Amino acid sequence: MPQIKSVPVESVDFKNRAYVFRHVHDVAELENSIQHEGMIHPPVVQERASGKHVIVAGYLRLLAAKNLGTEKVSCLVYQEKELEREEFLKLAIAENTKRQNLRPVELAEALARIREELGLSEEELAEQFGETFGIGKTPEQVRRYLELNSFAAKTKDFLANAPVKDMEFELVGVKNQGDRDALIALVEQHRDIKKNQLGRL
């Protein structure tokens, strides 16, 4: 059974992103919240035999605590062998989507990672994880999201913070890289642009 424990921040393996799906790393607002209100929801970590802790959920909360110079954080701690890999993935997804919905490009990466690590077909991926992600259980919808992985990492970082909701699905239909880059630059310059305007462009 997992236990609430005081975990030294220096023991947290921030480089291990096995369960991290977020592209957002601006934690200034979160740092301010933690300073004034404390850590309301404990992060979830997996304790390894080495004594290191792998983040299952709460990467941004732990990063904010680290930036603030916090030495120890109260976390929900699972042992490495306590759950199967698939169950840890489902736990990470559930915790992340409970706090704040993953952006489509983040969700796309998570789906691709799960498919590769568990060796699932698109049909199996939809059946086992579609409802967890809130995208339905149809393979067509899973394929729609997986197509977003055609974006470069830099573009994904931008899209995870983009002002236009679901603009990823507008951009993925633009196959010419030059045209795609021009549209992204336009959105960066005009952050109040609407989705219907983007669609017409």
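## Exposure of Lys66

A residue counts as buried under 20% relative accessible area, as exposed over 50%, and as partly exposed in between. In this predicted model, Lys66 has a relative accessibility of 44%, and therefore counts as partly exposed.

Lys66 belongs to helix H2, which covers residues 59-67. Beyond its neighbours within four places in sequence, Lys66 is in contact with Val9 and Phe14. The C-alpha atoms of Lys66 and Val9 are 6.5 Å apart in space, although 57 residues separate the two in sequence.

## Overall make-up

The protein chain has 10 helices and five strands. Of its 201 residues, 43% are buried. The accessible surface of the chain comes to about 10900 Å², and carbon and sulfur atoms account for 47% of that area.

In soluble globular proteins, nonpolar side chains tend to be buried together. Here the largest nonpolar core has 41 residues, and Tyr19, Leu111, Ile114 and Phe133 have the most contacts inside it. The elements that give two or more residues to this core are strand S4 (53-57) and the helices H3 (85-99), H4 (104-118), H5 (122-133), H6 (139-146), H7 (153-159), H8 (167-171) and H9 (177-189). Helix H4 gives the most, with six residues.

Ile114 is one of the residues with the most contacts inside this core. With neighbours within four places in sequence left aside, Ile114 is in contact with Leu89, Ile93, Gly119, Leu120, Leu125, Phe129 and Phe133.

## Aromatic pairs

The structure holds four aromatic pairs. One of them is formed by Tyr19 and Phe88, with ring centres 6.0 Å apart and planes at 50°, so this pair is tilted. The partners come from distant parts of the chain, 69 residues apart: Tyr19 is in the loop between strand S2 (12-13) and helix H1 (28-37), while Phe88 is in helix H3. Tyr19 has a relative accessible area of 3% and is therefore buried. Phe88 also counts as buried, because its relative accessibility is 1%.

Phe88 pairs with Tyr78 as well; the ring centres are 5.8 Å apart and the planes are at 80°, so this pair is edge-to-face. Tyr78 is in strand S5 (residues 72-79), and 10 residues separate it from Phe88 in helix H3. At 12% relative accessibility, Tyr78 counts as buried. Tyr19, Tyr78 and Phe88 form one aromatic cluster.

## Charges over rings

Arg17 lies over the face of Tyr59, at 4.9 Å from the ring centre.

Lys90 lies over the face of Phe129, at 5.4 Å from the ring centre. Phe129 is in turn among the residues in contact with Ile114.

Definitions and conventions: Residues numbered from 1 in each chain as written. Predicted model: local features only at pLDDT ≥ 70, side-chain atom pairs only at ≥ 80, totals over all residues. Heavy atoms only, no water. Core = buried A, V, L, I, M, F, W, Y, C linked by side-chain atoms within 4.5 Å. Buried < 20%, exposed > 50% of the residue type's maximum accessible area, 1.4 Å probe, protein only. Helix = DSSP H or I, 4+ residues; strand = E, 2+ residues; numbered from the N terminus. Contact = heavy atoms within 4.5 Å. Areas by Shrake-Rupley, 256 points an atom, 1.4 Å probe, with all protein chains shown as cover. Phe/Tyr/Trp six-rings, centres within 6.5 Å; stacked < 30°, edge-to-face > 60°. Lys NZ or Arg CZ within 6 Å of the ring centre and 35° of its normal.
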